[in-house]
Amino acid sequence: MYSTLSTDPDAVQSSDDDDSVDVDNSTETPSPTADSPRHRRYLYPKKEFVDKLRPEEIRWFHRSENAKKWAAFIGYDSLRIECRYRALEVDSNGDLDANERILVLGGLYEVDVVKKKCFPVYWSGDVSDIIRGAWFYDCTWQPLEDRYAILIEEDHITHFLGQRLESECTQTTKGHKPVIHNIKFREFHVDWNATNEVYMFSESTSSKFMRSVGKSLGWQKSGTRLHRGYRVEAVMDDKPADITHLVFVIHGIGQKMDSGRIVRCCKDLRGCVVSIERKLFPDLGSSNQRAEFLPVEWRSSLKLDGDTVESITPHKMKGVRNILNSSAMDILYYTSPLYRSEITHSLRAELVRLYHMFCNRHPYFEANGGKVSIVAHSLGNVITYDIITGWDPIRLYDQFLTSVFEGEQVDAQSNNPQVLEELGTTHKRVMELEVLRKHLKEKQAIEESLPFQVENLFCVGSPLAVFLALRGIRPQGTGSHAHLMPTSKCRRLFNIYHPSDPVAYRLEPLVLKHYATIMPLPIHLHSASHHSSYVGMPRKAYAPFQGSADGIAQKTCTEDGQDSSGKEECLENFVTAGTSHKTEAKSDGKVKGFSFAFLKVANSIGFSSPDKLTYEVGRWLADRKSKKDDNEMSAELKMLQSLDHEAQHAQAAIQYPEPKDIDKTELEYRLDYQLRERSMENSYVSLLTSHTSYWTSRDVALFLLVHLFPQLQEEGWSGWEQRLRRMSAVHVATDDRRQVCGLAALATCNTRGGYFQQTPPHQPPR
């Protein structure tokens, strides 16, 4: 009569928290409603009689194709779906549009109630099933399959409508309760022991055998209890905050191999950001602020050369060659003058399409001054940078031709009047074409410009610095980033990379050259108990001459008790190395002109104190000077005199700049940020995995969150530290109370045993 049940109720996973969803369900917006039975909120007085379920007691669920568990919609989404479901049931005249869909999950998906499907709005694929939950398994609170839940609900209403519900104290009476009603299916049957005490029993052979053994031993019949209505009532207040910051996530190379990869990567990143927000900044949603991440897929729609490259690929090692054709070939395509414009047009068109689609579904975004940022990975950084800045090699080539034409015109004025006349006629025609070209260029610029202002550009694992260096970008020495990224086009630029990422390069040395010796700022660990603001983090230089002391020690004599000739040779090697690696002397025990590394080598030679070393060095230099013959001294004096003369001429020719043009040594703000390496991290393994590890990094998610909402760096860190202190204080107080209670219990037991004549006074917990 009934079809088989697809899921065995006895095999359902037991979990007390169905909101701890996996990555596939990470799009679920965090619910402010406490999702546990003891925190259950009722909109109406608690029921005393059996009645039909209200919309608030129904909960809708969604599940992706590969997920094992159903994930509950938040109350706001579930109520709207249920109202739509009931409206379609009573719409006998067809007045409602059955194809109308409801936006759910923060506006990223839309639900078709008739088909019971959940479709993504901004990308393709990733279709999920939805189910209406009325009856639920105990403990897991997973919904019973829809077709069985409808039959059980109809049978329950038919037999028990209007009857009184038993109270909790009545249900706890000992002894076996008689079955007052039951319904049988092919794979299981359901027994009612009371109006609100319902159990499901499997009809499989193993379950029947275990029940018969238990019955013969006198055990009570056990099954899976079913609950009618969800444990948390749905409320309209259970909704996410409005989106105040839209973030586009752009992929790099390799998308051709896996067309849905950027969707999964964006989902991983979104899940990490939501997790960090729940843990560190739970009050962000209450301030009506939220960031949403949308994947941008620009590679799938490109035709490029068709299958020409595949046709010329040799058959030897075909698999490796196909991987290279589907990944690294994108770099060659972008550097080709034939396909570069097609790639940039594809990405620009996708950004414009997604932005207009988003604004149509969220009309409040632009009206409230919503901001837009971009997270770009690998080659996507370079393409995004060119779109934002408008960099075009064809335009540069036109400027080059114009300069050549003007140079030829100047040469013709002094050589041949006839050629000059022809150039004048040609120039007039060129000017007419130039006016037409400018008009078309302005129209094209309007079409090619993005319809939004970019607030932040996060470059993740980016080779952008290499492309800029090959285009002739050099440090300007002013500390300004305008030659890299004008603030009128993008307010802030961030370069995030892993130290083992072979594709990533630094940007700061292209602004100030000496920043090549300054370390990038480390990204905070999300698990750290203390976080300082990135704005106030000090600069740190790389360790100079790292490892040079060991190299010098190998070249010098380090054995004790060496003879004078050996010490002289060691001293000569030391002074020679010292003069080639001089550094500024400090007042902390270093010999003037030599770094601490060379003092270390000198101590290994046999000079224990700096004074003794200074004396020996001076003596050695005096002896060496006396040994030189007059011819060598005269040659050196001549060379020094010539160098001094040239230096005087060079100094006289120097034109000192104005104070406003003097190079700055500080950046407007730091650009380069580096992930911290783990203590057990293998560099060779990281070399292969680091370039694709950013999407699941919670450290990157924390960095993005505090820069999308800068106020979190000022207010959020201190609030998080205060919460940590409160949590630790609660744990200490709990331990103290347990200890006091334990002592009191021990005193009571000892008093009863006669060890104490008087019970010590009770001490209240601290």
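Hi everyone, let's begin with helix α7, which covers residues 318-326 and includes V320. Before I go on, please keep in mind that this is a predicted model.

Now over to the strands. Here we have an open sheet built from 5 strands, and if you walk across it the order is β7-β11-β10-β9-β8, with antiparallel pairing. At the edges sit β7 (135-137) and β8 (181-184), each of which pairs on one side only. On average, neighbouring strands in this sheet are turned by 30 degrees against each other, ignoring direction.

Let me stay with β8 for a moment. Its partner β9 spans residues 188-194, and the two pair in the antiparallel sense over 4 bridges. If you'd like a residue pair to find on the screen, take K184, whose bridge partner in β9 is H189.

Last topic, for those of you who think about cysteines: how many disulfides does the structure hold? The count is 0. Take C459, which is in no disulfide: the nearest cysteine sulfur belongs to C490 and is 8.3 Å away, and a disulfide here would need the two sulfur atoms within 2.5 Å. C459 has 0% relative accessibility, so it counts as buried. C272 is buried too, with a relative accessible area of 8%.

Key: Residues are numbered from 1 along each chain as its sequence is written. This is a predicted model: local features need pLDDT of at least 70, side-chain atom pairs count only at pLDDT 80 or more; totals for chains, interfaces and linings use all residues. Side-chain values use heavy atoms; hydrogens and water are left out. Buried means under 20% relative accessible area, exposed over 50%, partly exposed in between (1.4 Å probe, protein chains only). Two strands pair if DSSP finds at least two bridges between them. Axes are lines fitted to C-alpha atoms, for helices over the stretch in contact, and angles run from 0 to 180 degrees between N-to-C directions.
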